[in-house]
Amino acid sequence: MAESVTVREVGPRDGLQMAKTMMSTGANQRWIGALVAAGVREIEVGSFVSPKKVPQMADSAVIVRSSLAFPGLHVVALVPNLRGAQDAYAAGAHRVSIPVSVSEGHSRSNVNRSPTEQVAEAGQVIEWLRDQERKVIVEAGCATAFGCSIDGIIPASAVVAIAEGLAEAGVDAIALADTVGYGNPAQVKAMIRAVRDAVGDKLQGLHLHDTMGLGIANAYAGLEEGIRHFDAALAGLGGCPFAPGASGNIVTEDLVFMLESMGFKTGIDLGCLIAARDLLHEGLPAEPMHGQTAKAGIPRTYAIAA
Ligand code: ZN
């Protein structure tokens, strides 16, 4: 049996928040439907932020609710604070992801709190969710873990300190995020080892951007270090409105191509995934679409993991 890797689609959140035009709620729902039809089992469908700050995410509660209709789909929402977590819970999200920036500058710009204050906010989210009837998985993403376009170099010790704080606060899972895409494979390996030494199995995911063209190489480095949970965005959409210079996420189609070619099982049908680009394009006709696999077509040598 091939080993499984979870590919979480974050285009409906990380992608749409950066798009120059708004995708209609209906088009978004059809796009998510196409992703599910391709076999995607975990999608970050929206973000419970102030619609004044990120107007593209204003319909997140509606999108979470409609996404719950897909059997077996793990519905994830980004929440920057307790209020967002309460709204995500009310909408029915299965998992919340809290961004905790290691960089002081990005943290202030993104959530208007210092990194330490944001760790405390994550603690409040965990405490509140603990008292609710329904279990919601709490994940924290250590943003700008591999460098920051505002603060520059981020030392590994700072990432480890934030990860330790999050583990103490009781998060279920920690992900390392290359928010601006400045990381390299050697750094990814070293960072995973340092953080894993501190928090063990709580470190589960990688969230990578392709600013310097090293996104897939960084994913491979993570894979070699035992990471089995990756974020990616269809057609490489994405970026951060509060991190200047950040470009798109790693391309879901290219990541699935690499993983399946290497013998890992993603459960995703690559042809159907490429077809889902049409629905993305219908919803956002002006948005540039990236990705080598879609451009080249699936090669005749491609065989999915059995
Ligand atoms: Zn991102």
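# A guided tour of the predicted model

A search of the whole structure finds two aromatic pairs; rings of Phe, Tyr and Trp (its six-membered ring) pair if their centres lie within 6.5 Å, and planes under 30 degrees apart count as stacked, over 60 as edge-to-face and the rest as tilted. The tour concerns a predicted model, in which local features need pLDDT of at least 70 and side-chain atom pairs count only at pLDDT 80 or more, while totals for chains, interfaces and linings use all residues. Residues are numbered from 1 along each chain as its sequence is written, and side-chain values use heavy atoms, with hydrogens and water left out.

## First stop: the aromatic pairs

Select Tyr89 and Trp128. Their rings form an edge-to-face pair, 5.6 Å from centre to centre with 90° between the planes. The pair links distant parts of the chain, since Tyr89 belongs to helix 4 and Trp128 to helix 6 (residues 115-130), 39 residues apart. Helices (H or I, at least four residues) and strands (E, at least two) are DSSP runs, numbered from the N terminus. Tyr89 is buried at a relative accessible area of 17%, whereas Trp128 is partly exposed at 23%. Buried means under 20% relative accessible area, exposed over 50% and partly exposed in between, with a 1.4 Å probe and protein chains only.

Next, select Phe257 and Tyr302, an aromatic pair that is stacked, with 5.4 Å centre to centre and 25° between the planes. Phe257 lies in helix 10 and Tyr302 in the segment after helix 12 (292-296), so the pair ties together parts that are 45 residues apart in sequence. Phe257 is partly exposed, with a relative accessible area of 25%, and Tyr302 counts as buried at 16%.

The charged end of Arg134 sits over the ring of Tyr89, 4.6 Å from its centre. A charge sits over a ring if NZ of Lys or CZ of Arg is within 6 Å of the ring centre and within 35 degrees of the ring normal.

## Second stop: the parallel strands

Select strand 3 (residues 74-78). Four of its five residues are buried, so strand 3 is largely enclosed by the rest of the structure. Strand 2 (residues 42-47) pairs with strand 3 in the parallel sense over five bridges; two strands pair if DSSP finds at least two bridges between them. Within strand 3, Val75 is the bridge partner of Ile43. Between these strands the chain passes through helix 3 (residues 60-67), and this β-α-β crossover is right-handed. A crossover is right-handed if, with the strands pointing away from the viewer, the path from the first strand over the helix to the second runs clockwise.

Strand 3 and strand 4 (residues 95-101) pair in the parallel sense over three bridges. In strand 4, Arg95 is the bridge partner of Val76 and Ser97 that of Leu78.

Now display the side chains of strand 4. Which way do they point? Arg95, Ser97, Pro99 and Ser101 point one way, Val96, Ile98 and Val100 the other way, and all are buried. In a regular strand the side chains alternate between the two faces of the sheet. Seven of the seven residues of strand 4 are buried, so this strand is largely enclosed by the rest of the structure. Strand 4 and strand 5 run parallel and are joined by seven bridges, with Ile98 opposite Ala140 in strand 5.

Select Thr144, in the loop between strand 5 (137-143) and helix 7 (156-169). Its phi is near 50°, a positive value in a residue other than glycine, and Thr144 is buried at 0% relative accessible area. Then select Ala235, in the loop between strand 8 (229-232) and helix 10 (252-261). Ala235 also has a positive phi, of about 60°, although it is not a glycine, and counts as buried at 0% relative accessibility.

How many disulfides does a search of the whole structure find? The search finds zero, a disulfide being a pair of cysteine sulfur atoms within 2.5 Å. Cys142 is buried, with a relative accessible area of 0%, whereas Cys272 is partly exposed at 36%.

## Last stop: the zinc ion

Finally, select the zinc ion. Asp14 (OD), His207 (NE2) and His209 (NE2) coordinate the ion at 2.0 to 2.1 Å. Donors are N, O and S atoms within 2.8 Å of the metal (3.2 Å for Na, K and Ca); water is not among the atoms, so sites may look incomplete. Asp14 lies in helix 1 (residues 11-15) and His209 in the loop between strand 7 (203-208) and helix 9 (215-224), 195 residues apart. Both Asp14 and His209 are buried.
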